[in-house]
Amino acid sequence: MEKEPSGGGRGASASGASTGQRLGGGDPATRGRTTIADGVVEKIAGLAARDVVGVHAMGGGLSRTFGAVRDRVPGGSTKSVSRGVKAEVGEVQTALDLDIVVEYGVSIAEVAKAVRENVVSAVERMTGLEVVEVNIAVGDVKLPDEEEDEPEQRLQ
């Protein structure tokens, strides 16, 4: 049976009165540490980037080609939502690199701005990490008459 500490011990408040807390007290939310894997941030960022109008696909040409083949193989892995995204996650901050393909006719500068805003908002809201930078590399433009390598569906 555990005994409650009396005034003046670890369970005492600043005024010296007993708080009735057990040993090792304090705010339960501050007990322990939460770590977030790079892959988690990459998935969040990938979904947020794909949600922007004007983004046709994610990833460089080679990764999109291998991904399209892998997606078509029966029993193959599901489409990687983190394709084209690289995250470096620290204890309180993260930095992201994104490779995107844009639709022909859109303003690349406006699409890049919208992607940054959407990615920063989603990652910071869901993880609590501060996004210090989002670097975007536009590797290709999807022309209207090009065949689809891999149709990526936008989340609705």
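This is a predicted model: local features need pLDDT of at least 70, side-chain atom pairs count only at pLDDT 80 or more; totals for chains, interfaces and linings use all residues.
Reader: Nice. At what angle do the axes of α1 and α3 cross?

Author: At roughly 140 degrees, with the axes coming within 8 Å. Angles over 145 count as roughly antiparallel, and α1 and α3 are therefore oblique to each other.

Reader: Which residues meet there?

Author: From α1, V41, I44, A45, A48 and A49. On the α3 side they meet V115, N118, V119, A122, V123, M126 and T127.

Reader: Let's pick V119. What is V119 in contact with, leaving aside its neighbours within four places in sequence?

Author: A45, A48, A49, L96, L98 and V134.

Reader: And the largest nonpolar core, which members touch the most others?

Author: V119 is one of them, along with L96, L98, V115 and V123, in a core of 24 residues. The largest share, six residues, comes from α3. Other elements supplying at least two residues each include α1, β1, β2, β3 and β4.

Reader: Back to α1, then. Which of its residues are buried?

Author: V41, E42, I44, A45, G46, A48, A49 and R50. Their cover includes β1, β2 and β3 as well as α3.

Reader: Last one: how many residues has α1, and how far does it reach?

Author: α1 has 13 residues and reaches 18 Å from its first C-alpha to its last, close to the 18 Å expected.

Conventions
Residues are numbered from 1 along each chain as its sequence is written. Side-chain values use heavy atoms; hydrogens and water are left out. A nonpolar core is a set of buried Ala, Val, Leu, Ile, Met, Phe, Trp, Tyr and Cys residues joined through side-chain atoms within 4.5 Å. Buried means under 20% relative accessible area, exposed over 50%, partly exposed in between (1.4 Å probe, protein chains only). Helices (H or I, at least four residues) and strands (E, at least two) are DSSP runs, numbered from the N terminus. Contact means heavy atoms within 4.5 Å. The expected span of a helix is 1.5 Å times one less than its number of residues. Axes are lines fitted to C-alpha atoms, for helices over the stretch in contact, and angles run from 0 to 180 degrees between N-to-C directions. Angles under 35 degrees count as roughly parallel, over 145 as roughly antiparallel, 65 to 115 as roughly perpendicular and the rest as oblique.
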